[in-house]
Amino acid sequence: MKDHQKTRFRLNAPQIMVLGFAGLILIGTILLMLPISSAAGAVTPFVDALFTSTTSVCVTGLVVRDTGAYWSTFGHAVILLLIQIGGLGIVTVGASFAIISGKKVGLFQRSTMQEAVAAHKMGGIVQLTVFLLIMTFVIEAIGAVLLAPAMIRDFGWGHGIWLSVFTSVSAFCNAGIDLFGGYTSAPSLTAYVSDPLVNVVIILLIVVGGLGFLTWDDIRTHGIHLRRYRMQSKVILVTSGLLILIPAIGFFFLEFSHLPIGQRIWASLFQSVAPRTAGFCTVDLNSMSDSGKMATIFLMLIGGSPGSTAGGMKTTTFAVLIGCVYAVFRKRDSTQFFGRRIAHEVVSSALTIFFMYITLFVGAAMVISRIESLPLLTCLFETASAVATVGSTLGITAGLSVTSKLILIVLMYLGRVGGLTLVYAALSGAKKQLGKLPLDHITVG
């Protein structure tokens with residue numbers, strides 16, 4: 001009789017990321033439910049703790065409890081740790097421990113790390129991971145030092161330094177969670193709408209955190225020699241620049257005309273950057289027109305870049321969709337950037353991601369609008385913020401029912417792990433189709 005060898009079950013990269021984020025959210029929920037985590041020393045309800053843990057791990061920023069006022073110092077530390085791990089990614093943090101301990105990083109671990117940081121090849125992935133970890137902590141430390149003078153001026157040495165560190169990490173990780181509610185009545189960064197230092201530092205932290213680790217690598221390797229950059233890095237830099245410049249001009253002329261010219265410039269620039277997954281604000285978002293809110297929703301859905309701390313559909317997805325439209329108008333058979341042709345599989349993935357995001361944020365908004373009897377635009381703003389892991393809100397989050405909060409929790413989770421990642425994790429056993437069916441034509445448009 002032959003011995004039957006047991007098949008060793010091994011999770012693939014998408015499954016590791018999906019389960020890793022879920023596990024971290026659960027651990028965070030348990031810690032935040034403890035009496036020591038709340039300023040009042042009370043047990044936090046499960047749904048509120050789950051929501052807070054999810055928004056922290058998924059670096060979203062929507063909150064059902066005022067972060068600064070409700071949670072204790074221990075609770076703040078837990079939230080900060082969840083933001084840091086969630087921003088870097090479960091796999092990246094896990095790999096960093098293996099590297100620090102001197103353990104050999106195997107082929108499977110390298111493959112998983114490659115998937116986590118959206119690298120195109122496995123070679124040099126360990127060195128890239130070490131580089132991004134060092135750069136993350138260096139940039140966050142620089143951000144905290146630059147924010148410290150303003151924070152210490154307004155809140156004293158102890159609170160000022162803590163606020164500087166927390167805000168720097170939250171901005172770089174594109175979380176948008178702040179502690180100012182515990183010290184001032186001004187929400188988010190509205191007290192600093194005219195402060196050049198705070199505006200510049202927060203904007204730079206958000207932008208750098210949202211560029212993506214591979215873009216950092218190109219900047220480190222090639223400096224100002226842009227021609228040597230990867231095509232992806234070029235697309236990211238050009239798209240990110242346009243998504244900052246064009247909306248800033250629009251907000252300046254159409255939204256913030258009631259502000260003095262100095263505040264108007266800073267508010268317009270900040271509002272063009274922050275909605276792309278950061279969630280901080282320097283103005284009252286409810287004062288914006290419906291057109292301004294729709295423009296903000298548009299920016300939220302696009303988000304940051306792949307392999308970064310940011311969420312959303314990603315700048316590359318948006319660029320591929322625009323490139324596809326341009327190719328159709330020019331009657332080209334492929335999407336092209338910088339003298340390179342984009343594979344049809346990439347275009348198909350971009351269209352799939354776009355469809356998933358639109359379906360999720362519109363469908364969820366319709367359900368929440370029906371449940372809560374709220375205007376659809378307000379709910380669209382909230383669900384776009386959740387699925388794109390932004391955190392910008394019109395102030396309805398805390399007052400939502402348990403059902404609506406759970407819907408937002410699911411959206412935040414899907415937005416952080418990625419819709420395609422979840423699909424690949426669920427359908428890991430599906431076999432790739434080798435043959436091709438007969439070609440036929442269908443009329444569209």
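## Core and aromatic contacts

Ile202 is in contact (heavy atoms within 4.5 Å) with Leu147, Thr167, Ala171, Leu189, Phe270 and Phe280, leaving aside its neighbours within four places in sequence. The model is predicted, so local features need pLDDT of at least 70 and side-chain atom pairs count only at pLDDT 80 or more, while totals for chains, interfaces and linings use all residues. Residues are numbered from 1 along each chain as its sequence is written, and side-chain values use heavy atoms, with hydrogens and water left out.

Ile83 and Ile202 have the most contacts inside the largest nonpolar core, which has 102 residues. Such a core is a set of buried Ala, Val, Leu, Ile, Met, Phe, Trp, Tyr and Cys residues joined through side-chain atoms within 4.5 Å. Buried means under 20% relative accessible area, exposed over 50%, and partly exposed in between (1.4 Å probe, protein chains only).

The structure holds nine aromatic pairs. Rings of Phe, Tyr and Trp (its six-membered ring) pair if their centres lie within 6.5 Å; planes under 30 degrees apart count as stacked, over 60 as edge-to-face and the rest as tilted. Two of the pairs are tabulated.

| Pair | Centres | Planes | Type |
|---|---|---|---|
| Phe172 and Trp216 | 5.7 Å | 45 degrees | tilted |
| Phe298 and Phe318 | 5.7 Å | 80 degrees | edge-to-face |

Both Phe172 and Trp216 are buried. In the other pair, Phe298 is partly exposed, with a relative accessible area of 43%, whereas Phe318 is buried at 18%. One aromatic cluster is formed by Phe155, Phe180 and Tyr192.
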